Amino acid sequence: MSARELDYVDFCYVPQHQEAMHARLGNWARWVRVRPHGLATHPMFRNAKTPRSFDIDPHISTALDTLDALLIERTVSKLPEKHRDALRWFYVLRADPAGTERRLEVSRAGLMELVCDGWAMVANRATVTK
């Protein structure tokens, strides 16, 4: 085996016992993410009609639990620095794992371990359960 094959980590894998916490952190990530505002749209396109494809297959967004997201944000902000940054990368940023690994001074497997440990820490520290 090459060194590259040994360093493979599946960042999409979520252990079964952490699926509930993963869902709550996903809700938190949707709440935290910065999105452009509609007022930044050019005036010519503000009242534009949707394409016909939206009428056929509309995208319906899921409801956001803002109170739980706030609780998770308070919990994540109090985690140790490496775990906090790993969770923020995993859920909010989700780009450039190599840069995050260098900044946190861990390997790819170490980054995933920080995320898994972060799941457990948030689950233990979040007082309100879903």
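Trp31 lies in helix H2 (residues 19-32), where helices are DSSP runs of H or I with at least four residues, numbered from the N terminus. This is a predicted model, in which local features need pLDDT of at least 70, side-chain atom pairs count only at pLDDT 80 or more, and totals for chains, interfaces and linings use all residues. Residues are numbered from 1 along each chain as its sequence is written, and side-chain values use heavy atoms, without hydrogens and water.

**Helix packing**
- The axes of H2 and helix H4 (residues 66-77) come within 8 Å and cross at roughly 95 degrees, which makes H2 roughly perpendicular to H4 (65 to 115 degrees).
- Residues in this contact (heavy atoms within 4.5 Å) include Trp28 and Trp31 of H2 and Leu70 and Leu71 of H4.
- Axes are lines fitted to C-alpha atoms, for helices over the stretch in contact, with angles from 0 to 180 degrees between N-to-C directions.

**Exposure of Trp31**
- Trp31 has a relative accessible area of 33% and is therefore partly exposed (buried is under 20%, exposed over 50%, partly exposed in between; 1.4 Å probe, protein chains only).

**Positive phi values**
- Arg94, in the loop between helix H5 (81-93) and helix H6 (97-104), has a positive phi of about 55 degrees although it is not a glycine.
- Arg94 is partly exposed, at 39% relative accessible area.
- Glu105, also not a glycine, has a positive phi near 60 degrees and sits in the loop between H6 and helix H7 (108-125).
- Glu105 is exposed, at 68% relative accessible area.

Key
Helix = DSSP H or I, 4+ residues; strand = E, 2+ residues; numbered from the N terminus. Parallel < 35°, antiparallel > 145°, perpendicular 65-115°, else oblique.
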